[in-house]
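These are my notes from going through one protein model. I wrote down each item as I looked it up.

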Amino acid sequence: MARLRALFLLMILMPCSVWSGSYFEQIGWLEKDSHVLRVLQFPKDVENIYQEHDNRSIWFDLQQSTRLEFQLEVIASAGFSPLFSRQLQYLEYYRKSNRWHEYDVLATDTLLLYISYAEQAKVLGYDWFFKSMLYKPLPRLSSAVLQMVTSSIAHQQLSELIEAYTPDSKDYQKLLDSYLHVVKFTKLDIPEYTQEGLRGVGEPLDNREILLVRMEMVDVDLSEVRRDVDWYDETLESAVKEYQRLHGLKDDGVIGSNTLRWLNMSPDKRLSILALNAERSRLWPINFDNLIIVNVPGFEMKYWSSGKEVFETKVVVGRRGRPTPLMTIELESLILNPTWNVPWRIMVRDIIPKVKKDPDYLVKENITIVPRWGSKELIDPQEIDWQNLRPSSFPYKMTQLSGDNNALGLYKFNTPNRRAIFLHDTPSKELFEEVSRAFSSGCVRVEHADQFASVLLKRQGADMSLIDENEVAANQSIPLKRKVPVHIIYQTAWSEGGKIQYRDDIYRFDRKIHGKS
């Protein structure tokens with residue numbers, strides 16, 4: 001319903017192309033008042049293309065038109081573009097009505113729109129995929145690209161042209177393969193799987209067949225599962241555990257509320273997740289020579305060096321109220337035994353309220369007050385009237401001294417940026433045992449930070465074992481010979497080990513795009 005409302009709003013507010021359509025009237029293709037003339041995005045370019053093609057039909061090859069419509073379907077299913085949804089609906093209408101001239105002209109125009117979208121995705125994709133919607137017209141293609149389009153038409157290579165503007169990563173293709181697999185389930189009227197309370201091995205199942213069908217939707221291996229029983233037997237347990245792992249759940253084999261929530265997700269909703277994450281992959285890096293990727297919903301970090309994955313670990317990311325921003329930064333140095341300059345927001349929202357409740361809080365946490373960061377002058381906290389202090393008017397800075405209890409732990413992976421977002425160790429190791437790990441104030445806490453530091457230096461030609469931990473001073477910096485790009489991304493579905501992994505939309509980005517609360 002939300003998508004239909006957005007489409008209706010687009011049709012009302014978006015300016016239609018002003019164009020007489022006399023060219024297509026002259027060659028006998030369209031009536032003067034044909035509606036297709038009002039939805040064309042690049043009318044003059046389309047006219048020039050047909051003139052160069054001697055006024056012949058372009059989309060007579062069903063394979064080529066099917067390829068175009070499929071790419072439009074994926075974008076429409078992703079839910080971020082009423083513009084593409086509208087174009088696809090008209091194409092389908094003209095095709096089903098056998099109005100082939102309107103179809104041909106609109107398909108050519110929409111091909112130009114798709115290419116423009118693909119070119120702009122790297123620049124505008126963050127807004128489209130996470131913040132707003134793609135309503136507005138896209139830029140015209142350059143003359144060089146238009147000439148390539150014309151050449152592709154002349155050589156009947158439109159499928160190849162579409163492919164050239166479609167991501168070629170394995171992850172993208174796996175997402176689309178899964179999309180096509182889930183499409184089959186939209187044609188089935190699958191009831192929801194229901195049960196009373198929890199279910200584990202040895203307990204009865206009233207809807208076992210429905211359970212199996214819903215697990216099959218995500219390609220769980222059911223080859224060893226018995227089909228002649230109506231209870232939870234041991235052959236089913238491994239399949240349930242695999243299903244839980246694919247959704248980032250605790251793989252205890254017990255069917256509870258979280259497992260039920262994923263099991264009863266509709267095929268259409270799953271298609272939207274797959275399509276949106278497939279299109280988001282246009283944003284992410286394709287060169288894995290020297291790279292760190294943090295996937296926020298996956299709560300994981302991976303490090304590639306010389307094109308190979310050399311380290312993987314769990315991470316803790318920002319909670320919903322203080323999300324870790326999606327950004328690209330550079331890891332420039334490793335800082336041992338770091339101090340922590342407390343960000344203003346954390347000082348005001350977290351620390352000062354705690355000091356008001358516990359006057360000894362600063363001493364316990366080894367936090368000092370300074371007039372400005374880097375100053376050797378210390379402010380005596382006992383001289384501050386904490387109870388009558390407005391936190392937002394606090395005139396000083398706070399620094400937590402280095403040590404085992406420092407919020408940054410013993411390792412800071414320095415990525416200078418205006419938002420003060422970096423990777424670091426943490427004394428709160430127990431948080432890595434949680435399934436959902438959105439606990440920080442925005443920075444990324446790295447499990448096994450000592451191992452990561454060792455691998456990082458080794459790939460840089462240094463050796464962590466040569467550093468005497470007993471002689472490490474506070475904030476000892478080890479510059480990296482080669483900076484490492486760090487991409488903080490947001491994928492709620494991705495390919496791993498030949499299977500699609502799904503994760504909860506912790507920051508509500510997917511729901512915002514799909515217009516759902």
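The entries below go from the whole chain to single residues.

**Entry 1: the chain as a whole**

I note at the start that this is a predicted model. I began with the secondary structure and found 18 helices and 14 strands in the protein chain. I then took the extent along the principal axes, where the C-alpha atoms fill a box of roughly 90 × 60 × 50 Å. The chain has 517 residues, and buried ones make up 52% of them.

I looked up the surface next. The protein chain exposes about 25,500 Å², and carbon and sulfur atoms supply 49% of that area. For the charges, I have 65 positive and 70 negative, with mean positions 5 Å apart.

How far along the sequence do the contacts reach? Of the contacts between residues at least 6 apart in sequence, 70% join residues at least 24 apart.

**Entry 2: aromatic rings**

A pair of aromatic rings is described by the distance of the centres and the angle of the planes. I looked up the total and got 29 aromatic pairs. The pair I opened was F80 with Y117, which is stacked, at 6.1 Å centre to centre and 25° between the planes.

Which parts of the chain does this pair tie together? F80 lies in the loop between α5 (62-78) and α6 (82-96), while Y117 lies in helix α7 (residues 100-131), so the pair joins parts that are 37 residues apart in sequence.

Are the two residues buried or exposed? F80 counts as buried because its relative accessibility is 0%, under the 20% cut-off. Y117 is also at 0% and counts as buried.

F80, F84 and Y117 form one aromatic cluster with Y114, W128 and F129.

**Entry 3: charges over rings**

I looked for charged side chains placed over aromatic rings and wrote down two cases. The charged end of R270 sits over the ring of Y502, 4.6 Å from the ring centre. K397 lies over the face of W373, and here the distance to the ring centre is 4.9 Å.

**Entry 4: Y103**

I found Y103 in helix α7. Its relative accessible area is 2%, so Y103 is buried.

What does Y103 touch, leaving aside its neighbours within four places in sequence? I listed contacts with W59, S65, E69, L91, Y94 and R95. I also took a C-alpha distance from Y103 to V36: the two are 67 residues apart along the chain, and their C-alpha atoms are separated by 8.5 Å.

**Entry 5: positive phi outside glycine**

I looked up two residues here. D54 is not a glycine, yet its phi is positive, at about 60°. D54 lies in the loop between α4 (43-52) and α5. With a relative accessible area of 54%, D54 is exposed.

N366 also has a positive phi, near 60°, and is a residue other than glycine. I placed N366 in the loop between α16 (361-364) and β6 (367-370).

**Entry 6: K308**

At 61% relative accessibility, K308 counts as exposed. Not counting residues up to four places away in sequence, K308 touches F288 and Y303. I also took its C-alpha distance to L291, which is 17 residues away along the chain, and the separation is 9.7 Å.

Conventions
Residues are numbered from 1 along each chain as its sequence is written. This is a predicted model: local features need pLDDT of at least 70, side-chain atom pairs count only at pLDDT 80 or more; totals for chains, interfaces and linings use all residues. Side-chain values use heavy atoms; hydrogens and water are left out. Rings of Phe, Tyr and Trp (its six-membered ring) pair if their centres lie within 6.5 Å; planes under 30 degrees apart count as stacked, over 60 as edge-to-face and the rest as tilted. Helices (H or I, at least four residues) and strands (E, at least two) are DSSP runs, numbered from the N terminus. Buried means under 20% relative accessible area, exposed over 50%, partly exposed in between (1.4 Å probe, protein chains only). A charge sits over a ring if NZ of Lys or CZ of Arg is within 6 Å of the ring centre and within 35 degrees of the ring normal. Contact means heavy atoms within 4.5 Å. Accessible areas come from the Shrake-Rupley method with a 1.4 Å probe; for residues, only the protein chains shown count as cover. Lys and Arg count as positive and Asp and Glu as negative; His and the chain ends are not counted. The place of a charge is taken as NZ of Lys, CZ of Arg, CG of Asp or CD of Glu.
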